[in-house]
Amino acid sequence: MIYALLSGAAATGLSASPRQISALGLTEIDAALGDTLGMAMTVDPRAVSLKAEEELVLRPTVSSGDSAAAMAPVVIAGRTRHIRYIRGQRALPEGAVLLRADKDGPYRYTASLPAEGWMAESDLDISADTRGCCGAPEGSSLAKVATFGYSYEEIRKAVERPKQRRDSVYELKGRARLDFKVNITEIDPTLRRNPRELAEIVRTIDAVRTNPEARITEIIITGYASPEGSYENNVRLSKGRAEALKQFVAAQGDIDPSIIKVDYVPENWGGLRDSIATGDWAERDAILAVIDSDLEPDAKDARLKREFPKAYARIWKDIYPTLRHSDYRVRYSLIQTTYEETEGEPEERVVEIIRHPTVTFHTDPVAAGEEEAASAKTQ
């Protein structure tokens, strides 16, 4: 199957851009986070080739750790499937936009979600799922669109040359996530988002360590394992993954090992439940009932595998890998200097650090000619 998506500006605060994701044919991608988290996307169903009973479902989702929220999906349907939806013979997902492949013209999609605290450090993705007759899955892919976070600005002020005394006045926290291969505790620096996350860990530590006005007070690391396999082995994995990140942090130098605290979650059932609850699953309620049951962890995973073999295969492939990770929080004190007046020339000191929201796009470069064409198209 071949399909192409053309993104454009349609949400408040968004504009067409030359950003693109070549693997999915996405271009002119934009997203923004303020009072709401929004994105815009122009979909051209004429570029989607589907059989009569097939459909392609596009769903933007924002997530951070165990928190996730999905935007309204776009359903591009083949001729027969489209007729079934129009006649009410088949139910569309809630809030979905229905388009017919090979026929309907370009559609300007916009969506937004009320901003919540956890979205300040989150990922925006677009899933593309192809389904055949009776809703059978035929293929899926996930495009990383953007990551929301923060940058920091120092505000300096000229003061009289002082005799100084240092006092801790407040604390900031940071967080990142790492992915692990199944049954492995060692950190793979090339796996999925690990290059970005490891770089962010080093950047955070260096930003504090090189700032004479700052001091790291505590680093908290929590290791997670996915539910498949024995509970005893998952205890080993979650502990080992937390220890692996502790060793990585300690290896950065000038870190007191006594301030690194390690915790673990042997099986991340909460993360699995959130993924099922916010996803498109034919047996979602039945699967959630097993997850919420009082069964022992090993028995619970075995029952999912036995009673929902097709869904379990998808869980094993698409969800379990995301549940194998280590989280960390860096707590540090910023030191505000108290001064006594003395003779001498004024000097500058940091009086405030302002945190600014940022968005990083995970997109491919655009050739100069294409970028100019995209810019001209939006003027």
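This is a predicted model: local features need pLDDT of at least 70, side-chain atom pairs count only at pLDDT 80 or more; totals for chains, interfaces and linings use all residues.
Colleague: What part of the contacts comes from residues 24 or more positions apart?

Modeller: Such pairs account for 73% of the contacts that have a separation of 6 or more.

Colleague: Let us turn to the helix pairs. At what angle do α4 and α5 pack?

Modeller: Helix α4, residues 269–278, packs against helix α5, residues 284–291, at about 165 degrees. Their axes are 10 Å apart. That angle makes α4 roughly antiparallel to α5, because it is over 145 degrees.

Colleague: Is the crossing of α4 and α5 left-handed or right-handed?

Modeller: The crossing of α4 and α5 is left-handed.

Colleague: Which residues meet there, in α4 and in α5?

Modeller: From α4, the residues are Trp269, Leu272, Arg273, Ile276 and Ala277. They meet Arg284, Ile287, Leu288 and Ile291 of α5.

Colleague: What about α2 and α3: at what angle do they pack?

Modeller: The angle between α2 and α3 is about 45 degrees, and their axes are 11 Å apart. The two helices are therefore oblique to each other. Leu198, Ile201, Val202 and Ile205 of α2 make the contact with Leu245, Phe248 and Val249 of α3. The crossing of α2 and α3 is right-handed.

Colleague: Staying with Val249, is that residue buried or exposed?

Modeller: Val249 counts as buried, because its relative accessibility is 1% and the cut-off for buried is under 20%.

Colleague: Which residues is Val249 in contact with, leaving aside neighbours within four places in sequence?

Modeller: Val249 is in contact with Ile201, Ile205, Ile219, Ile221, Ile255 and Ile260. As for Val202, its C-alpha atom is separated from that of Val249 by 8.0 Å, and these two residues are 47 residues apart along the chain.

Colleague: Where does Asn234 lie?

Modeller: Asn234 lies in helix α3, which covers residues 231–250. Asn234 is buried, with a relative accessible area of 1%.

Colleague: Which side chain does the side chain of Asn234 join in a polar contact?

Modeller: The side chain of Asn234 makes a polar contact of 2.7 Å with that of Glu267. Beyond its neighbours within four places in sequence, Asn234 is in contact with Ala225, Ser226, Pro227, Glu228, Gly229, Pro266 and Glu267.

Colleague: Where is Asp102 placed?

Modeller: Asp102 is in the loop between β9, residues 97–100, and β10, residues 107–114. With a relative accessible area of 47%, Asp102 is partly exposed.

Colleague: And what is the phi of Arg192?

Modeller: The phi of Arg192 is near 40 degrees, again a positive value in a residue other than glycine. Arg192 is in the loop between β13, residues 162–179, and α2, residues 194–209.

How values were computed:
Residues are numbered from 1 along each chain as its sequence is written. Side-chain values use heavy atoms; hydrogens and water are left out. Contact means heavy atoms within 4.5 Å. Helices (H or I, at least four residues) and strands (E, at least two) are DSSP runs, numbered from the N terminus. Buried means under 20% relative accessible area, exposed over 50%, partly exposed in between (1.4 Å probe, protein chains only). A polar contact is a pair of N or O atoms within 3.5 Å; within protein, one must be able to donate a hydrogen and the other to accept it, and residues adjacent in sequence count only if both atoms are side-chain atoms. Axes are lines fitted to C-alpha atoms, for helices over the stretch in contact, and angles run from 0 to 180 degrees between N-to-C directions. Angles under 35 degrees count as roughly parallel, over 145 as roughly antiparallel, 65 to 115 as roughly perpendicular and the rest as oblique. A crossing is left-handed if the near helix is turned anticlockwise from the far one by less than a right angle, and right-handed if clockwise.
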